[in-house]
Amino acid sequence: MKKAYLGIDIGSISTKGVIINESNKILTEAYLWTQGNPIQAVKNLIKELHKNLDSSYTVVNIGTTGSARKLIGISLGAKIIKNEITAHAIGTLSVVPDVKTIIEIGGQDSKIILINNGVVMDYAMNTLCAAGTGSFLSSQAKRLDLELNQFSELALTSKNPAKIAARCTVFAESDLVHKAQIGYSKADIVAGLCRAVALNYLNNVAKGKQIKAPIVFQGGTSKNAAVVKAFEEELGLPVYVDPKGHLMGALGVAVLCKNEAEEIIFDFNISDVEFETKGIECSQCPNNCEIICVYRNKKLLDAWGNKCDQGISEVKM
């Protein structure tokens with residue numbers, strides 16, 4: 001039996017998955033939109049991964065990361081459930097062993113991870129506002145009637161990027177309209193937005209952090225060449241974008257699966273399995289905790305959210 005390991009990264013915007021062999025080689029990969037339904041997104045993802053997997057391999061462990069990691073991990077019986085910092089660090093180190101700085105800008109959040117000799121020394125995340133993230137650029141592209149690939153291409157033609165504040169989405173949109181009204185070209189406005197994303201990140205998420213090369217930029221926003229260029233100009237350092245950078249979180253938990261002693265044989269046939277989540281407001285004490293219950297084929301798998309043991313009686317009702 002040839003062993004393989006499944007890693008899934010469930011984000012707010014996209015869901016990513018990889019299956020690797022014992023040498024960390026990616027055997028198959030998939031990238032889908034979450035569309036507000038992480039359970040269905042993962043079902044679709046697993047179907048896609050299975051379709052392209054060599055039948056000689058058997059998946060013997062699963063790992064999950066991302067914003068819905070606990071929900072999906074419990075639903076699938078994953079042995080590894082890790083936060084994004086750990087997953088992205090392990091995934092990136094498996095590709096760029098000497099990496100010192102990881103810049104990650106996703107759909108709705110961003111993070112920085114500082115690494116020294118293969119160990120995470122510091123990190124920071126911005127999850128309070130979507131300004132300067134992938135969803136911010138996507139909304140501005142729609143506002144300017146541009147596809148995202150056009151956005152980057154047009155920005156790279158600019159010789160005079162407009163100065164646009166991207167610390168707040170509302171202010172950025174107001175600034176964008178103002179720059180258009182006073183005569184800036186669309187190319188200069190778009191280039192200004194890309195530069196603003198880099199500046200917003202460096203002045204907020206990376207504030208006070210010592211950024212050292214090698215620098216690896218990942219997340220959906222790293223596919224925008226104009227944003228990569230803006231980071232390189234602001235930092236005065238080369239910024240590396242791996243072609244599979246969007247899969248680093250999934251790769252990281254897949255790599256971690258190999259260290260798990262207990263193995264399982266994963267059944268890909270989950271399309272007919274019914275997963276359900278229910279929210280229950282506990283009334284046993286003044287905390288009124290919201291308890292999340294996860295069911296598989298009507299059977300309770302797990303529940304969380306209670307601050308005391310009294311909430312368990314609510315779940316069993």
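Biologist: Which side chain does the side chain of Thr-15 join in a polar contact?
Modeller: That of Thr-34, at 2.9 Å. A polar contact is a pair of N or O atoms within 3.5 Å; within protein, one must be able to donate a hydrogen and the other to accept it, and residues adjacent in sequence count only if both atoms are side-chain atoms.

Biologist: Before we go on, what are we looking at?
Modeller: This is a predicted model, where local features need pLDDT of at least 70, side-chain atom pairs count only at pLDDT 80 or more, and totals for chains, interfaces and linings use all residues. Residues are numbered from 1 along each chain as its sequence is written, and side-chain values use heavy atoms, with hydrogens and water left out.

Biologist: Back to Thr-15, then: buried or exposed?
Modeller: Buried, because its relative accessibility is 0%. The cut-offs are under 20% relative accessible area for buried, over 50% for exposed, and partly exposed in between, with a 1.4 Å probe and protein chains only.

Biologist: And where is Thr-15 found?
Modeller: In strand S2, residues 14-20. Strands (E, at least two residues) and helices (H or I, at least four) are DSSP runs, numbered from the N terminus.

Biologist: What does Thr-15 touch?
Modeller: Leaving out residues up to four places away in sequence, its contacts include Ile-8, Ile-10, Tyr-31, Leu-32, Val-42 and Leu-45. Contact means heavy atoms within 4.5 Å.

Biologist: New topic: which side chain does Gln-218 pair with?
Modeller: The side chains of Gln-218 and Thr-92 make a polar contact of 3.1 Å. Gln-218 lies in strand S9 and is buried, at 1% relative accessibility. Among the other residues touched by Gln-218 are His-88, Ile-103, Gly-245 and Met-248.

Biologist: Thr-92 is in H3, I think. Which residues of H3 are buried?
Modeller: Thr-92 is one of them, along with Glu-84, Ile-85, Ala-87, His-88, Ala-89, Gly-91 and Leu-93.

Biologist: How far does H3 reach?
Modeller: Its 12 residues, 84-95, reach 17 Å from first C-alpha to last, close to the 16 Å expected at 1.5 Å a residue. That expected span is 1.5 Å times one less than the number of residues.

Biologist: What caps its N-terminal end?
Modeller: Asn-83 does, with a side-chain oxygen 3.1 Å from the backbone nitrogen of Ile-85.

Biologist: Now H5 and H7. At what angle do they cross?
Modeller: Roughly 100 degrees, and the axes of H5 (residues 148-155) and H7 (residues 186-203) come within 8 Å. Axes are lines fitted to C-alpha atoms, for helices over the stretch in contact, and angles run from 0 to 180 degrees between N-to-C directions. H5 and H7 are therefore roughly perpendicular; that label covers 65 to 115 degrees, with under 35 roughly parallel, over 145 roughly antiparallel and the rest oblique.

Biologist: Which residues make that contact?
Modeller: From H5, Phe-151, Leu-154 and Ala-155; from H7, Lys-186, Ala-187, Val-190, Ala-191, Leu-193 and Cys-194.

Biologist: Last one: where is Asn-297, and what is its phi?
Modeller: Asn-297 sits in the loop between strand S12 (290-296) and strand S13 (299-304), with a positive phi near 50 degrees. Asn-297 is partly exposed, with a relative accessible area of 44%. Lys-298, in the loop between S12 and S13, has a positive phi of about 75 degrees and is exposed at 60%.
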